[in-house]
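The entries follow in the order in which I looked things up.

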Amino acid sequence: MKKVAIGQAGGPTSVINATLVGLVKELMHDVQLSFICNGYDGLVHENMRKGNNPFLNWIFQQENKPGACLGSGRYPMSHEEVVHAVEFLKNEKVNTLIFIGGNGTMEALHRIDLEAMKQGYELQVIGIPKTVDNDINYTDHAPGFGSAANYVAHATRNLSYDLQSMRNFEQVRIIETMGRNAGWLAAASGYFKKSEEEGPHIIALPERRMRKESLMSAIESAVSRYGYAVMVVSEGVVWEEGNQIEKDIIHDRIVLGGISNEIENSITEQLHVKVRSEILGMNQRSFSPLVSPVDKEEAYLAGITGGYWVKQDLSSVMVSIRRLQEERYEIQMKPVSLKDVAHSGERLLPDHFIDNPKRYYDWLRPFMEDSGVNQPILASCNKLKQTNLNNH
């Protein structure tokens, strides 16, 4: 019987535990399960626990909860720590290693895969994606993103209504989103906009450098026309001069954030209007009331798929979501090379979506519609789930 070790790593999402539950339920009767606590930190420091029945039942209770229930975090492994991690897995007689995570997680998993080969240890390695930033390559989208986009769009619409009613007191609101160097989340902020008067009036993305003069002109124009202006800015936006606001550096990882405050100060000084900056914060990745039903279902399916591939002896792959057609939303789970993902860098918002927001919103639609509208899409997901179950 295979011994399978499972971990979660990187920033959590509102549906990462659904992936874990799908994975565990697919595997629990066919393999021996162990769980790595606190991501790669736990792997390096040998923090692993057995998957006995009480612990499995506890995991099942986490399916609809945000956060990574096994513990996650960020831990950049040195070469020596990668070597030690493989030796630990070998000593524990672990046959399969699965991590649920983002770009950094897949890169680290690939390094472990290579080291296991170097040591001559036969280790099956599978990655399952998650990220609110949607910046993983070789997949149409990543579980976790749809729910975060849904939150950003709802929050922006509601903050716009709020400011519209207070425009005789306050004229400008700057809303900062997550996303790192990719604009997927920030661009989603305009999804529910129905008229020119409604916010957001300006959306700033990392893919296009921002000129201070053009920004001031756009803000001034919106205030003049509507009495108020709502701007959404991604945390990774770069000024024309090449400057990007870094909030901190933790474990060699640059933490972006704070550009909304810098914009607030500039507008206050130059335009002499009342301005408030808002950082949407961790609600983007943890606000369970706005979890997208399709995102949740796909996260669960990604886990089931990873578990199925364990039993099919696939290795050195990541689960990817392939969109089969645009008109009627259908997906297929496909294996992609873990090496390719690890070496591909960040997936940025493409020009054809930036230049044509309607095209982007059409692409985004499956995750964003109100309750009930998604039933045909969920039916398609359930059909995919049943297909996976019937294949073995």
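Predicted model: local features only at pLDDT ≥ 70, side-chain atom pairs only at ≥ 80, totals over all residues.

Entry 1, cysteines. I started at Cys69, whose sulfur lies 9.5 Å from the closest cysteine sulfur, in Cys37, which is too far for a bond. A disulfide here is a pair of cysteine sulfur atoms within 2.5 Å. My count of disulfides for the structure is zero. Cys37, too, is in no disulfide. I then looked up accessibility, where buried means under 20% relative accessible area, exposed means over 50% and partly exposed lies in between (1.4 Å probe, protein chains only). Cys69 is buried at 18%, and Cys37 is buried at 15%.

Residues are numbered from 1 along each chain as its sequence is written, and side-chain values use heavy atoms, with hydrogens and water left out.

I took a salt bridge as a side-chain nitrogen of Lys or Arg within 4 Å of a carboxyl oxygen of Asp or Glu. The structure holds 16 of these salt bridges. For the element names I used DSSP runs numbered from the N terminus: helices (H or I, at least four residues) and strands (E, at least two).

Glu92 sits in the loop between helix H4 (79–91) and strand S4 (96–101), and Lys3 in strand S1 (residues 3–8), 89 residues apart. Glu92 is partly exposed at 32% relative accessible area, whereas Lys3 is buried at 13%.

Glu63 lies in the loop between helix H3 (53–60) and H4, and Lys296 in helix H11 (residues 293–311), so the pair ties together parts that are 233 residues apart in sequence. I logged both Glu63 and Lys296 as buried.

Arg276 is in strand S11 (residues 275–279) and Glu170 in the loop between helix H6 (145–165) and strand S6 (172–177), 106 residues apart. Salt bridges that share partners join Asp162, Glu170, Arg173 and Arg276 into one network. Arg276 is partly exposed at 38%, and Glu170 is buried at 6%.
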